[in-house]
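Reader: Got a model open here and want to go through the contacts. Can you start with how far to trust it?

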Amino acid sequence: MPVSVAPRRPAKSITSPAALGPQLPDPALAITYDEARRYVQLRLRSLPHGGLRATCTAFGFPYTTSVGLKTGSLQREEYRLVQKHLRVFGFETELVRLYVGGQLCEHYLFADAALLATLREQLAAHEQLVS
């Protein structure tokens, strides 16, 4: 009886570190979870009465968690919800993990510097008004 041998799979090509360079996130285009959460919080607080429920219904967001995000009473960090709200407010981001002080932390990576600058300008203007 002949012994069957499984066909050999082609070896996976090893990507050189130089080829990975363009794929690595640029930390200059990223903001921390806290900065993104503050921005979303300010935008949610600026919605008219009943606007949060309408927004959550329209986009399928969990209402109770969004209220916690708005009031700052969340029990845990809601990375994806903050990202979804950023998207609704016109900021397309990618959630990435970057090292800060030797620890991996979640950041929101922007496609270009202009969008990031817009968010930071709006955040600074809002914070200046409420301080």
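Author: pLDDT is the predictor's confidence in each residue, on a scale from 0 to 100. This is a predicted model, and the mean pLDDT of its chain is 86, with 82% of the residues reaching 70 or more.

Reader: Which elements have the lowest and the highest mean pLDDT?

Author: Helix α1 (residues 17-20) has the lowest, at 54, and helix α5 (residues 79-88) the highest, at 96. Where pLDDT is low, the predicted coordinates should not be read in detail.

Reader: OK. How many salt bridges does the structure hold?

Author: There are 6 salt bridges. One of them pairs the side chains of Glu35 and Arg120, at 2.9 Å from N to O. Glu35 is in helix α2 and Arg120 in helix α6 (residues 113-130), so this pair ties together parts that lie 85 residues apart in sequence.

Reader: Glu35, buried or exposed?

Author: Glu35 counts as buried, because its relative accessibility is 13% and the cut-off for buried is under 20%.

Reader: What does Arg38 meet in a salt bridge?

Author: Glu127, at 2.7 Å from N to O. Arg38 belongs to helix α2 and Glu127 to helix α6, so the bridge ties together parts 89 residues apart in sequence. Arg38 is partly exposed at 32% relative accessible area, and Glu127 is partly exposed at 28%.

Reader: And Asp34, what does it form a salt bridge with?

Author: With Arg37; the closest N and O atoms are 3.7 Å apart. Asp34 and Arg37 are separated by about one helical turn, because they are 3 residues apart in helix α2 (residues 33-45). Asp34 is partly exposed, with a relative accessible area of 39%, and Arg37 is partly exposed too, with 22%.

Reader: Switching to aromatics. How many aromatic pairs are there?

Author: The count comes to 5 aromatic pairs. In one of them, Tyr39 and Phe89 have ring centres 6.5 Å apart and planes at 80°, so the pair is edge-to-face. Tyr39 is in helix α2 and Phe89 in the loop between α5 and β2, so this pair links parts of the chain 50 residues apart.

Reader: Are those two buried or exposed?

Author: Tyr39 is buried at 0% relative accessibility, and Phe89 is buried with a relative accessible area of 15%. Tyr39 also pairs with Phe91: the centres are 5.4 Å apart and the planes stand at 90°, so that pair is edge-to-face as well. Phe91 is in the loop between α5 and β2, 52 residues from Tyr39, and counts as buried at 3% relative accessibility.

Reader: Which residues do the ring pairs link into a cluster?

Author: Tyr39, Phe89, Phe91 and Phe110.

Reader: Strands now. How do β2 and β3 run, and how many bridges join them?

Author: Strand β2 (residues 93-100) and strand β3 (residues 103-110) run antiparallel, joined by 8 bridges. Glu94 stands opposite Leu109 in β3.

Reader: What about the turn of that hairpin, which residue takes a positive phi?

Author: Gly101, with phi near 60°; the hairpin has 2 residues between the strands.

Reader: Last one. Where does the charged end of Arg53 sit?

Author: Over the ring of Tyr63, 3.9 Å from the ring centre.

Conventions:
Residues are numbered from 1 along each chain as its sequence is written. Side-chain values use heavy atoms; hydrogens and water are left out. A salt bridge is a side-chain nitrogen of Lys or Arg within 4 Å of a carboxyl oxygen of Asp or Glu. Helices (H or I, at least four residues) and strands (E, at least two) are DSSP runs, numbered from the N terminus. Buried means under 20% relative accessible area, exposed over 50%, partly exposed in between (1.4 Å probe, protein chains only). Two strands pair if DSSP finds at least two bridges between them. Rings of Phe, Tyr and Trp (its six-membered ring) pair if their centres lie within 6.5 Å; planes under 30 degrees apart count as stacked, over 60 as edge-to-face and the rest as tilted. A charge sits over a ring if NZ of Lys or CZ of Arg is within 6 Å of the ring centre and within 35 degrees of the ring normal.
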